[in-house]
Amino acid sequence: MAAKLIFLGGTETVTGSKFLLESDGGAQILIDCGLFQGYKWLRERNWQPLAFDIKSIKAVVLTHAHLDHSGYLPVLYKRGYRGPVYCHPATRDLCAILLADSGHLQEEDARYYARHKLGRHAQPEPLYDRATAEACMELFRPVEFFQHFEIDGAKVFLQPAGHILGAASVIAQVNGKDIGFSGDVGRPDDTFMPPPHPLPRLDRLLLESTYGDRLHPQHDPLEQLARIVNTTAQRGGVLLMPSFAVGRAQALQFMLATLRARGSIPRLPVYLDSPMAISVSEIYRRYEKLHLLTEADYEQIAELVTCTREVSESKALADIRYPHIIIAGSGMATGGRILHHFKQHLGNPNNTVIFPGYQAGGTRGDKMHSGAKAVKIHGQWYPVEAQIETMQGLSGHADYQQIGDWLAASEIDRNTAIHLVHGDPAALEAQRDYLRRQFDYQVEVACYRQVLHLTAKE
């Protein structure tokens, strides 16, 4: 049986990353196990029958903890998978929080839809619940960066990719071929993550293309944030900051603390209204050697931010009648506490919603960013009268030029077959053209369910 690679997600979209690597002996390794998010037609893929036999899967290897790369693991567990899940220790710690929260939110949504008789099903069911998400953590087998391990004859290791805590590129040798999975590639000038490590020589590379058609702006994002905070405060409004719990929430707290210390913004109350982001921030502090924040930075943040873990504390924020700032999940407004704050504040033109980065197509964040006059939340429509802003320069993804520079600094050349993944169609096309024109690389855009045969003579 010939070795092959099957693209089961993260193709022509930025969600649902799953890549099935099959050795010539038939053993299968799943690289990433992500949820499909965004458009309904994509989310429905989460409910479809598995495209592989769970009994044939020898291991799962995760690039990092974001749900579009890890959030489908509880489904595998629910359907009987009991093999190992390899990842960096920080990824394991983050997944323990993110997966449990994902299960909890799905339970909450199912209960809400059942209670209010919304949707097509009389008894809506979650894709998985919190208990299943917590149970699947027993499968995790943490491995350090550059620690080599074997999976049924395949040789594998992880190397730092920047992006978020614990994020890795996966390098696997199967059937005599060296195959790289970039994962999400961080920026060389990230706010507090180090740059991605150069790649070794590879026969094939699956390369992310989230920012394949965009360059990050050169202006200082602190200046933009200061302007938005000040204008919102002058209007007497509330500033809502939908945020990813991992990476973005920590960056926003750091930026606000920096502006406060400089005297660039008024002394507004700042609330981190996300139990998950609060716990994630504690994990970042434990892995101090993996990022650039100092103990002094953390002390400055602690003086600025009030953490609201309890539901009662979150609800109490609705009673505040003076300008303040709320950071809450989720980053693309697909769920979480930010939706309850939207219900309270979207209808007031004095308020501001600031999206800190890329919004996937079909999400509420994307719709609001694109000028939607109303958004649907828990089955009801709410007018969007608040000011909508998008922070520039905060993304944890390298742009197309930075990706090119990373490849040029690596051992990637004309002999490496590059398959573009994790990008919307326009970004994939632009990334392909840039890499072909600028570096003369072999580059193709991967397709959903595409199968590549990895012959020893290729």
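The side chains of arginine 285 and glutamate 295 meet in a salt bridge, with 2.1 Å from N to O; a salt bridge here is a side-chain nitrogen of Lys or Arg within 4 Å of a carboxyl oxygen of Asp or Glu. This pair links distant parts of the chain, since arginine 285 lies in helix α8 (residues 275-286) and glutamate 295 in helix α9 (residues 295-304), 10 residues apart. The model is a predicted one, in which local features need pLDDT of at least 70 and side-chain atom pairs count only at pLDDT 80 or more, while totals for chains, interfaces and linings use all residues. Residues are numbered from 1 along each chain as its sequence is written, and side-chain values use heavy atoms, with hydrogens and water left out.

**Salt bridges**

- A search of the whole structure finds 16 salt bridges, and the general idea behind them is that side chains of opposite charge can pair when their charged atoms come close.
- Arginine 285 is partly exposed, with a relative accessible area of 36%, and glutamate 295 also counts as partly exposed, at 40% relative accessibility; buried means under 20% relative accessible area, exposed means over 50%, and partly exposed lies in between (1.4 Å probe, protein chains only).
- Arginine 227 forms a salt bridge with glutamate 389, in which the closest N and O atoms are 3.6 Å apart.
- Because arginine 227 lies in helix α6 (residues 221-234) and glutamate 389 in strand β19 (residues 387-390), this pair ties together parts that are 162 residues apart in sequence.
- Arginine 227 is partly exposed at 40% relative accessibility, and glutamate 389 is partly exposed at 23%.
- Arginine 92 forms a salt bridge with aspartate 93, with 4.0 Å between the closest N and O atoms, and Arg92, Asp93 and Arg286 are linked in a network of salt bridges.
- Arginine 92 counts as partly exposed at 26% relative accessibility, whereas aspartate 93 is buried, with a relative accessible area of 18%.

- Helices (H or I, at least four residues) and strands (E, at least two) are DSSP runs, numbered from the N terminus.
- Five of the five residues of strand β2 (residues 18-22) are buried, so this strand is largely enclosed by the rest of the structure.
- In a regular strand the side chains alternate between the two faces of the sheet; in β2, Lys18, Leu20 and Glu22 point one way and Phe19 and Leu21 the other way, and all are buried.
- Strand β1 (residues 4-9) pairs with β2 in the antiparallel sense over five bridges, where two strands pair if DSSP finds at least two bridges between them.
- Lysine 4 has glutamate 22 in β2 as its bridge partner.
- On β2, four bridges also join it to strand β3 (residues 28-31), and the two run antiparallel, with isoleucine 29 in β3 as the bridge partner of leucine 21.
- Between β2 and β3, which form a hairpin, there are five residues, and glycine 26 in the turn has a positive phi of about 100 degrees.

**Helix α11**

- In helix α11 (residues 338-345), the buried residues are Ile338, Leu339, His341, Phe342 and His345.
- Seen down the axis of α11, these buried residues fall within an arc of 160 degrees, so they line one face of the helix; the arc is that of the directions from the helix axis to the C-beta atoms.
- The elements that cover the buried residues of α11 include β12 (239-242), α10 (311-316), β15 (325-328), β16 (352-355), α12 (364-369) and β17 (374-377).

**Two single residues**

- Glutamine 224 lies in helix α6 and counts as buried, at 11% relative accessibility.
- Leaving aside neighbours within four places in sequence, glutamine 224 is in contact with His219, Glu389, Thr390, Met391 and Gln392, where contact means heavy atoms within 4.5 Å.
- Cysteine 307 lies in strand β14 (residues 305-307) and is partly exposed, with a relative accessible area of 39%.
- Leaving aside neighbours within four places in sequence, cysteine 307 is in contact with Leu272, Ile278 and Glu313.
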